[in-house]
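Colleague: I would like to go through this model feature by feature. Please give me the general idea first and then the case at hand.

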Amino acid sequence: MSTKDDDDPASLQVVPARHPWRWVGVAFVLVLAVQFVHGLVTNPAWDWPTFARYFTAQSILTAVGTTILLTVLGTGLGFALGIVVAVVRMSKSPFLQAVGWTYIWAFRSIPLIVQLLFWFNISYLYQRLSLGIPFGPELVSFETIELISPLGAAVLGLALHQAAYAAEIVRSGVISVDRGQLEAAASLGIPRFRQFRRIVLPQAMRSILPNAANEVISLFKGTSVVSVMAIGELFYQVQVIYGRNARVVALLMVATVWYIILTTLLSIGQHYVERYFARGDRR
């Protein structure tokens, strides 16, 4: 027969839930991690002396700078064009909508390496370009081979490719904002530009930023594709070096660690930018 104290919830002892298999999983992962680190330290095939020799070599640092330059230019130009394409895609004009949709469809369908090689070999298709009256006299003409350098072709290909994805990221962020807020702002007489700057953009950025950061990181690693154009970015320079000394694993680890470092820095920057735009969402 229960007493009054037994029926009182405050007198009951709270026992935390036990998760034995969770601890088994943790132990298993830790064992694998320790074994992996032990292999890195003790296996001579990793060739850490060669890694240390080339990790801060001048040629590698120059290649890292080229990789960062390609990423910055590709991202900046790509998102600038992507915003324009997103606006065109959201236009009320069916023709402009079709133009925006066609651009996104085309550049998302063609592999990046194909786009880069196309721009790199554009002079094969068009030896000369000219400006003038359509079907009339030429005003200015120039040789195509002098117009686009290998680095310019790489930046152009990366930016056009990035713009197609950036346009959809921006569009998805804008349409995620409740239309009722814009209608309320319009009823208060707030100008359209101020509606976008003060109402739409801060809320859209919370949806745009995670996807945009993923695209920037993907582009940063995707710059390795321009190695097919013999541009001295990180992966190409690593290939050149291990082609001479045959230290493939050590040089690949040089590139891997640099990619990890720079990707980590980008992720840290993403965290602080997201926290800035999430201020109004906190309680």
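This is a predicted model: local features need pLDDT of at least 70, side-chain atom pairs count only at pLDDT 80 or more; totals for chains, interfaces and linings use all residues.

Colleague: How many helices and strands does the chain have?

Modeller: There are twelve helices and two strands. Read from the N terminus, the order is α-α-α-α-α-α-α-β-β-α-α-α-α-α.

Colleague: How does the radius of gyration of the chain stand against that of a compact globule of 283 residues?

Modeller: The rule for such a globule gives a value near 19 Å, whereas the chain has 27 Å. The C-alpha trace can also be read along its principal axes, where the spans are about 105 × 70 × 30 Å.

Colleague: What percentage of the residues count as buried, and what part of the accessible surface belongs to carbon and sulfur atoms?

Modeller: Buried residues make up 31% of the 283 in the chain. The accessible surface is about 18,400 Å², and carbon and sulfur atoms hold 66% of that area.

Colleague: How far apart are the mean positions of the positive and negative charges?

Modeller: The chain carries 22 positive and 15 negative charges, and their mean positions lie 6 Å apart.

Colleague: Now single residues. Is His-161 buried or exposed?

Modeller: The cut-off for buried is under 20% relative accessible area. His-161 counts as buried because its relative accessibility is 13%. Its place is in helix H8, which covers residues 150–175.

Colleague: Which residues does His-161 touch, not counting those up to four places away in sequence?

Modeller: With those set aside, His-161 touches Phe-107, Ile-110, Leu-112 and Gln-115.

Colleague: Which residues are in contact with Ser-227, leaving aside neighbours within four places in sequence?

Modeller: The partners are Glu-233, Phe-235, Tyr-236 and Gln-239. For Gln-239, twelve residues along the chain from Ser-227, the C-alpha separation is 8.9 Å.

Colleague: What does the side chain of Ser-227 reach at 2.8 Å?

Modeller: At that distance, the side chain of Ser-227 reaches the backbone oxygen of Ser-224.

Notes: Residues are numbered from 1 along each chain as its sequence is written. Side-chain values use heavy atoms; hydrogens and water are left out. Helices (H or I, at least four residues) and strands (E, at least two) are DSSP runs, numbered from the N terminus. The radius of gyration is taken over C-alpha atoms; the globule rule is 2.2 Å times the number of residues to the power 0.38. Buried means under 20% relative accessible area, exposed over 50%, partly exposed in between (1.4 Å probe, protein chains only). Accessible areas come from the Shrake-Rupley method with a 1.4 Å probe; for residues, only the protein chains shown count as cover. Lys and Arg count as positive and Asp and Glu as negative; His and the chain ends are not counted. The place of a charge is taken as NZ of Lys, CZ of Arg, CG of Asp or CD of Glu. Contact means heavy atoms within 4.5 Å. A polar contact is a pair of N or O atoms within 3.5 Å; within protein, one must be able to donate a hydrogen and the other to accept it, and residues adjacent in sequence count only if both atoms are side-chain atoms.
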